[in-house]
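Let's walk through this structure together, one question at a time. Keep the 3D view open and try each question yourself before reading on.

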Amino acid sequence: MPTRESPPPRTLCAGFVSALPIGHAAISTLGDPFDVETVCASDAVAAGLDEVQLDTGVGPCWRAYSSRSPVLVRDLHHEDSSDWPMLTAAAAAEGVASTYAFPMVVGAVGVGVVDLYAEHRDALSVRDVARALAMADAAARHILREAMDHLDVEPGTGSSSRRFVHQATGMVCAQLRVTPEDALLIIRAHAFATGRSVREVAEALIARELDFSE
Amino acid sequence: MSRASREKDLVDTFVELADTMVGGYDIVELLYRLVSRSADIFGAADAGILLPAADGTLEVVASTSERSQLIGLLQLGADQGPCLDAYRTGESVTVDDIEAIRRRWPRFAQDAGHLGYRWMHAMPLRLRDEIIGSLNLFGDAPGALSAEDATAARGLADIATIGILHERAFRESDVARKQLQHALDSRVIIEQAKGVLAHTHKIDMDQAFHVLRGQARSSRRPLSDIAREIVDDASGRAERPL
């Protein structure tokens, strides 16, 4: 099975961490024409917090993505952070106090969002925000180009990390005779109820440790 | 035109053009407004814009009259003229007498002399190192553009440039989006179909993919079509009973 030619853009995330006063950065694509997945993360903290946002479907990254404007949550444990309780709880557990989401857009294409996480409140100055915007722009172009470069990969052999979720979705369709949309909802509900990530539930289904038809 | 009213016209034009870009964006609208406002403000009889088509050949994309359309075409035909020079060199070109025209571009002067323009001012449409076309003014009355006018005209040319590049980026990214969307849809449905087959036949994902490909090959249909049917069948969405 062919693997991706170029390594995942980890340097993109590392770049944000070194250029800005934040401790963690993750970049996620959030939907058409991309999969909903985290494409890189500077460390496990960033990856974990992005996963919470992606799995729950709520969070600053989603708001930034749909509004196409940055969402700056200067104090996660104060403000209107009751909008995303699971993220707030996960952030507290990791010592993260603020988060900043910058949408990545190229022309008409919403590529995704850059999520920055910091240990302190009010971590970004106005100049930092301007710099982050410019870097998000560049990251958007990079990811779009990468995706275009991979267009020729034979369907069914690509290495999107989300592929396990799609496979598990198919299994649940067959197990319960439901549509893929409902199957994914069931997977997400199960993940939420058992305190696991969507990806963990997907892997359990594929490994036959979990079967909803039983 | 008095200086005060000229200033006002310029400001109004900038605002109008900016609105076109922000609101319901229409590049053709933008360019037509630009040429007609340019001609008005600078006391030119006509104005026109040259842009390269997809294959690189220059075209008269907007023009205030048949006459200025024609002079654009004549330059393209003769492969010489002020508008081409502006495009090729990235520098503005001004000529204000027939003799000068004849000396610089003899073929063009021959073809276009009868059109009767007394002065021409050609500006490159330029953003940093990229020259994407030219904005051209043509006058009947004596007295070509003053230095001040030329600067103001440059401002309009810059707006045109930004508008054109903006629209191009939009168009190209839209093509990219559609291609990616299609690729994504295929990938997703194929992975889902693997899952369906894996559960139904108690096989692993690689074997499931093998089955999928086998079906596609034997029925000579695209993988994603077969995949879609498999998923629809499993989810009870099939039109025909199983």
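Q: Which residues of α7(A) meet α8(A)?
A: Bear in mind that this is a predicted model. On the α8(A) side, the contact uses V198(A), V201(A) and A202(A). By class, the contact has 5 nonpolar, 1 polar and 1 charged residues. The residues that α7(A) brings are I187(A), R188(A), H190(A) and A191(A).

Q: Are α7(A) and α8(A) roughly parallel or roughly perpendicular to each other?
A: Two packed helices are described by the angle between their axes and the distance between the axes. Here α7(A), residues 180–194, and α8(A), residues 198–206, have axes 8 Å apart and an angle of about 110 degrees. Angles of 65 to 115 degrees count as roughly perpendicular. Therefore α7(A) and α8(A) are roughly perpendicular.

Q: What is the order of the strands in the open sheet of chain A?
A: Chain A has 8 helices and 5 strands. The open sheet is built of 5 strands with antiparallel pairing. At its edges are β2(A) and β3(A), each of which pairs on one side only. Read across the sheet, the order is β2-β1-β5-β4-β3.

Q: How many bridges join β4(A) to β5(A)?
A: These two strands run antiparallel. As an example of their pairing, F102(A) has V114(A) in β5(A) as its bridge partner. The number of bridges joining β4(A) to β5(A) is 9.

Q: What angle does the direction of helix α5(A) make with that of β4(A)?
A: Within the sheet, neighbouring strands are turned by 20 degrees against each other on average, direction ignored. Helix α5(A), residues 126–149, packs on this sheet and touches β1, β2, β4 and β5 of chain A. Its direction and that of β4(A) make an angle of about 50 degrees.

Q: Which residues of helix α3(A) are buried?
A: To count as buried, a residue needs 20 or more other C-beta atoms within 10 Å of its own. The buried residues of α3(A) pack against several elements of chain A, including α2, β1 and β5. Just after this helix, R68(A) takes a positive phi of about 60 degrees. The buried ones in α3(A), which spans residues 60–67, are P60(A), C61(A), W62(A), A64(A) and Y65(A).

Q: Which helix gives the largest share of the side of chain B that touches chain A?
A: In this meeting of chains, 34 residues of chain B are in contact with 30 residues of chain A. The elements giving two or more residues to the chain B side are α7, α8 and α9 of chain B. By class, that side divides into 16 nonpolar, 11 polar and 7 charged residues. The largest share, 25 residues, comes from α7(B).

Q: How are α7(B) and α8(B) turned to each other, roughly parallel or roughly perpendicular?
A: Where they meet, α7(B) brings A193(B), K194(B), L197(B) and A198(B), while the residues from α8(B) include F209(B) and L212(B). The contact has 8 nonpolar residues, no polar ones and 1 charged. The two helices pack at about 105 degrees, with their axes 8 Å apart. That angle is why α7(B) and α8(B) are described as roughly perpendicular.

Conventions: Residues numbered from 1 in each chain as written. Chains lettered and ligands numbered in written order. Predicted model: local features only at pLDDT ≥ 70, side-chain atom pairs only at ≥ 80, totals over all residues. Contact = placed C-beta atoms within 7 Å. Helix = DSSP H or I, 4+ residues; strand = E, 2+ residues; numbered from the N terminus. Nonpolar A, V, L, I, M, F, W, Y, C, P; charged D, E, K, R; others polar. Axes fitted to C-alpha atoms, helices over the stretch in contact; angles between N-to-C directions. Parallel < 35°, antiparallel > 145°, perpendicular 65-115°, else oblique. Buried ≥ 20, exposed ≤ 12 C-beta atoms within 10 Å, placed from the backbone. Pairing = 2+ DSSP bridges.
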